[in-house]
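Me: I have a model open and would like to talk through a few parts of it. Could you take me through what can be said?
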Amino acid sequence: MPHRSTQRIGPFALTRTLAWLRICAIAGQSSAVLVAAWWMQLAIPLLPLLLGIGLLGVFSVFAAWRLTQPWPLREWEAVGHIAFDTLVLGYLLYFTGGASNPFVTLLLVPIALSAAALSGRAVLVVAALAGVAYASLFYSYVPLPLPMAAGSPSRFTLHVLGMGVNFVIMALLLSFFISRLAHVLRLQQLEVQRVRERALRDEGILAIATQAAGAAHELNTPLSTMRTLLPELRREHADDETLAEDLALLETQVDRCRTILREMVAFGKAQLSQEPERLTVAAFIHSCVERFQLLRPEAELALPPDEDAARIVLRTPPGLRHALLNLLNNAVDASAINHSNAVALRVSRDGDWLQLCVRDHGPGFDTDGGLTLLGLSRKQTGLGIGLALAEATAERLNGELVASNTAHGAEVCLRLPLAVIAEK
């Protein structure tokens with residue numbers, strides 16, 4: 001999951017931008033003061049100016065430390081950072097001509113940045129701070145001394161030169177930092193779109209789950225009736241071996257349906273209780289493979305061993321087993337399209353992640369469409385929601401579902417963070 005500073009516009013993004021801008025300001029102010037004092041030989045108060053720049057440097061270190069702290073950065077705190085920057089800039093301008101200094105327009109930069117990231121009330125406060133600073137510099141300031149060397153440019157020429165430099169600085173700062181804030185805004189819009197699509201998918205899954213719960217409740221009665229009548233029919237037609245075998249098969253299928261319904265109820269209870277199972281990866285995979293072979297006895301499953309991953313103890317959430325079975329069932333159906341029963345399950349550890357990769361020998365995925373949209377399926381049978389359910393499980397566990405095409409089919413990897421599913 002991306003870091004909070006790249007996913008939203010607000011006080012944190014603004015404060016991070018101000019931190020970079022503050023570093024640029026320290027470098028630019030130091031250069032300007034040294035050039036004015038040593039190269040242009042202006043009689044400016046060097047010590048107070050360097051003191052103000054040093055104070056800004058100390059605050060820059062504090063702001064960088066603050067950005068690394070876990071507690072949230074509120075809007076009033078961002079306004080406080082802007083107020084300090086405005087105060088220091090006003091202090092420096094006071095000793096260098098006040099409002100007559102062409103660099104006084106730098107007071108507009110915090111207003112432009114805060115307008116893209118803060119509320120209207122906070123922007124008004126920032127604008128008021130800049131206005132008070134400008135008004136104060138208009139009436140109270142230390143005049144900028146004229147050049148003392150012979151042949152030096154006049155005050156007006158210096159002012160025009162300073163305006164040109166200030167224009168370049170303003171253009172660079174506004175274009176660079178506002179473009180960064182606009183980039184954050186675009187990322188935020190993409191995240192909102194992803195959340196909306198996820199909500200629509202989850203709404204579809206919930207609707208299907210509701211229908212499935214109602215169907216399971218209604219199917220229990222006819223299945224119980226069939227389970228009662230089938231043994232009687234077998235006894236009545238014991239002399240007909242062919243019919244008896246068919247009835248025995250029907251009875252097996254009815255028992256299988258009842259088992260599935262009971263597992264659905266048990267899964268629902270486990271999901272509500274949120275009590276995970278505690279077992280090793282090897283035991284978890286063994287139980288999944290046993291269930292899968294009962295459901296799809298025709299499948300030829302390859303399971304290469306991985307001793308490192310097998311010893312990990314999991315806090316298995318209720319939906320993980322069903323997600324893996326969905327992927328295996330999809331793989332068998334995909335392989336069947338190419339007249340194959342071969343599928344492979346690869347379990348491995350990738351750093352702090354557990355990978356459950358299922359590979360088939362089917363036609364692969366379409367490269368021009370989404371892979372996990374609800375209802376999207378290239379199979380002629382099935383509901384087309386297996387990948388969507390697996391993806392929902394992965395997101396709930398802070399993991400991801402990665403699908404790709406291979407030389408002989410497709411591979412879907414369920415990647416889960418061990419910090420969430422492993423026993424500590």
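Me: What is Phe 59 in contact with, leaving aside its neighbours within four places in sequence?
Reply: Phe 59 is in contact (heavy atoms within 4.5 Å) with Arg 22, His 81, Phe 84 and Asp 85, once neighbours within four places in sequence are left aside. This is a predicted model, in which local features need pLDDT of at least 70 and side-chain atom pairs count only at pLDDT 80 or more, while totals for chains, interfaces and linings use all residues. Residues are numbered from 1 along each chain as its sequence is written, and side-chain values use heavy atoms, with hydrogens and water left out.

Me: And is Phe 59 buried or exposed?
Reply: Phe 59 counts as buried because its relative accessibility is 12%, where buried means under 20% relative accessible area, exposed over 50% and partly exposed in between, with a 1.4 Å probe and protein chains only.

Me: Which helix is Phe 59 in?
Reply: Phe 59 is in helix α2, residues 46-67; helices (H or I, at least four residues) and strands (E, at least two) are DSSP runs numbered from the N terminus.

Me: At what angle do α2 and α3 pack?
Reply: α2 and helix α3 (residues 75-94) pack at about 165°, with their axes 9 Å apart; axes are lines fitted to C-alpha atoms, for helices over the stretch in contact, and angles run from 0 to 180 degrees between N-to-C directions. The two helices are therefore roughly antiparallel, a label for angles over 145 degrees.

Me: Which residues of α3 does α2 meet there?
Reply: Residues of α2, including Leu 55, Phe 59 and Phe 62, meet Glu 77, His 81, Phe 84, Asp 85, Val 88, Tyr 91 and Leu 92 in α3. By class, this contact has 13 nonpolar, 2 polar and 3 charged residues, with Ala, Val, Leu, Ile, Met, Phe, Trp, Tyr, Cys and Pro counted as nonpolar, Asp, Glu, Lys and Arg as charged, and the others, Gly among them, as polar.

Me: Changing topic, what order do the strands of the open sheet have?
Reply: The open sheet of 5 strands has the order β2-β4-β5-β7-β6, with mixed pairing; two strands pair if DSSP finds at least two bridges between them. β2 (300-302) and β6 (400-406) stand at the edges with a single partner strand each, so one side of each is left without a neighbour in the sheet.

Me: How many bridges join β5 to β7?
Reply: Strands β5 (residues 353-360) and β7 (residues 409-417) run antiparallel and are joined by 7 bridges, and Gln 355 has Arg 415 in β7 as its bridge partner.

Terms used:
Parallel < 35°, antiparallel > 145°, perpendicular 65-115°, else oblique.
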